[in-house]
Amino acid sequence: MIERKSKKNRIFYGCNRYPDCDYVSWDKPVERPCPKCGEHALVEKKLKKGVQVQCTNCDYKEETQK
């Protein structure tokens with residue numbers, strides 16, 4: 001995963017092997033697998049009350065301080 005900028009200067013995260021891999025996410029990926037389902041990635045969601053780490057597949061969520 002690498003950080004990129006869109007045409008409108010918004011930051012997004014994508015695969016560095018494009019076009020072989022076309023994964024794209026607006027949410028920052030976390031470098032560990034989900035502890036609940038074990039196979040999918042975790043991402044940081046920005047909320048009004050801070051940052052929340054969520055799984056991209058299941059309902060796992062954890063609050064973080066930032």
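Predicted model: local features only at pLDDT ≥ 70, side-chain atom pairs only at ≥ 80, totals over all residues.
Visitor: How much space lies in the largest pocket?
Guide: About 160 Å³. A pocket here is an open set of points on a 1 Å grid over the protein atoms alone where a 1.4 Å probe fits, with protein on both sides within 12 Å along at least five of seven lines. Points are joined across faces, edges and corners, and the volume is the space filled by probe spheres set on them.

Visitor: Which residues line the largest pocket?
Guide: Ile11, Tyr13, Trp26, Asp27, Lys28, Glu44 and Lys46; lining residues have an atom within 4 Å of a point.

Visitor: OK, new topic. How many helices and strands are there?
Guide: Zero helices and seven strands. Both are DSSP runs numbered from the N terminus: helices are H or I with at least four residues, strands E with at least two.

Visitor: Which strands each supply at least two residues of the pocket lining?
Guide: Strand 2 (11-14) and strand 5 (41-47).

Visitor: What order do the strands have in the open sheet of three?
Guide: The order is 1-2-3, with antiparallel pairing. Strand 1 (2-5) and strand 3 (24-25) stand at the edges with a single partner strand each, so one side of each has no neighbour in the sheet. Two strands pair if DSSP finds at least two bridges between them.

Visitor: How many bridges are there between strand 1 and strand 2?
Guide: Four, in the antiparallel sense. Those two strands also form a hairpin with five residues between them, and Asn9 in the turn has a positive phi of about 65°.

Visitor: What stands opposite Tyr13 of strand 2?
Guide: Glu3 does. In strand 3, Tyr13 has Ser25 as its bridge partner, while Gly14 stands opposite Val24.

Visitor: Last one: what share of the protein is buried?
Guide: Buried residues make up 27% of the 66, where buried means under 20% relative accessible area (1.4 Å probe, protein chains only).

Key:
Residues numbered from 1 in each chain as written. Heavy atoms only, no water. Buried < 20%, exposed > 50% of the residue type's maximum accessible area, 1.4 Å probe, protein only.
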